[in-house]
Amino acid sequence: MYLVPTELPKYCNRCPFGHCNYNHPYWSSGSDSGIDGKRNASGTYGYTCNLEIKENGRFTKVLRANIGEDIKKPDWCELKESED
């Protein structure tokens, strides 16, 4: 569990532990991910979670969204609100 002293972020792309993994504008051809093997499609971007390194020793997931949209926090996120 990780305690964050500020308001708990609702989106991975606004989280201090999130890291932009790729960003492919609409005019790009996209690419294949070296992390999870899925396609990084044109018109999308993806984030990895730096907290996952502690859990798995490496990145295993890329959280993707269309450009201009936020990436909703997944259920497996370990960030919890402080009860102080």
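This is a predicted model: local features need pLDDT of at least 70, side-chain atom pairs count only at pLDDT 80 or more; totals for chains, interfaces and linings use all residues.
Modeller: Two strands are said to pair if DSSP finds at least two bridges between them.

Biologist: What makes E2 and E5 a pair?

Modeller: E2 and E5 are joined by 6 bridges, and the cut-off is at least two, so the two strands count as paired. Their sense is antiparallel. As one instance, Asn 23 has Tyr 45 in E5 as its bridge partner.

Biologist: How do you know that E5 also pairs with E6?

Modeller: The bridges between E5 and strand E6 (residues 63–66) number 4; at least two are required, and therefore this is a pair as well. E5 and E6 run antiparallel. Among the partners, Thr 44 has Asn 66 in E6 as its bridge partner.

Biologist: Why is Thr 48 called buried?

Modeller: The relative accessible area of Thr 48 is 1%. Buried means under 20%, so Thr 48 is buried. Thr 48 lies in strand E5 (residues 44–49). Leaving out residues up to four places away in sequence, Thr 48 touches Phe 17, Gly 18, His 19, Asn 21, Ile 35, Phe 59, Lys 61 and Val 62.

Biologist: Is the rest of E5 covered or uncovered, and which residues of E5 lie on each side?

Modeller: E5 is mostly covered, as 6 of its 6 residues are buried. One side carries Thr 44, Gly 46 and Thr 48, the other Tyr 45, Tyr 47 and Cys 49, and the residues of both faces are all buried.

Biologist: What makes the side chains of E6 an alternating set?

Modeller: Leu 63 and Ala 65 point to one face of E6 and are buried.

Biologist: Why is His 24 called buried?

Modeller: His 24 has a relative accessible area of 15%. This is under the limit of 20%, and His 24 is therefore classed as buried. The residue belongs to strand E2 (residues 18–24). Beyond neighbours within four places in sequence, His 24 is in contact with Gly 30, Ser 31, Asn 40, Ala 41, Ser 42, Gly 43, Thr 44 and Ile 67.

Biologist: Why is Lys 38 called exposed?

Modeller: The relative accessibility of Lys 38 is 51%. Exposed means over 50%, so Lys 38 counts as exposed. Lys 38 sits in the loop between strand E3 (31–32) and strand E4 (39–40). Not counting residues up to four places away in sequence, Lys 38 touches Ser 31, Asp 32, Ser 33 and Arg 64. From Lys 38 to Val 62 there are 24 residues in sequence and 8.8 Å in space, C-alpha to C-alpha.

Biologist: Is Lys 72 buried or exposed, and where does Lys 72 lie?

Modeller: Lys 72 has a relative accessible area of 67%, which is over 50%, and therefore Lys 72 is exposed. Lys 72 is placed in the loop between E6 and strand E7 (79–80). Residues up to four places away in sequence aside, Lys 72 touches Lys 10, Tyr 11 and Cys 12. Lys 72 and Asn 13 are 59 residues apart in sequence, yet their C-alpha atoms are 8.4 Å apart.

Biologist: What share of the contacts in the chain with a separation of 6 or more joins residues 24 or more positions apart?

Modeller: Such residues account for 54% of those contacts.

Biologist: How many cavities of 30 Å³ or more does the structure hold, and which residues lie nearest the centre of the largest cavity?

Modeller: There is 1 cavity of 30 Å³ or more. The largest cavity has a volume of about 110 Å³. The lining consists of 14 residues, and Cys 12, Cys 15, Cys 49, Pro 74 and Cys 77 lie nearest the centre. By kind, the lining holds 11 nonpolar, 2 polar and 1 charged residues.

Methods: Residues are numbered from 1 along each chain as its sequence is written. Side-chain values use heavy atoms; hydrogens and water are left out. On a 1 Å grid over the protein atoms alone, a cavity is a set of points where a 1.4 Å probe fits but cannot get out, and a pocket is an open set with protein on both sides within 12 Å along at least five of seven lines; lining residues have an atom within 4 Å of a point. Grid points are joined across faces, edges and corners, and a volume is the space filled by probe spheres set on the points. Ala, Val, Leu, Ile, Met, Phe, Trp, Tyr, Cys and Pro count as nonpolar, Asp, Glu, Lys and Arg as charged, and the others, Gly among them, as polar. Contact means heavy atoms within 4.5 Å. Buried means under 20% relative accessible area, exposed over 50%, partly exposed in between (1.4 Å probe, protein chains only).
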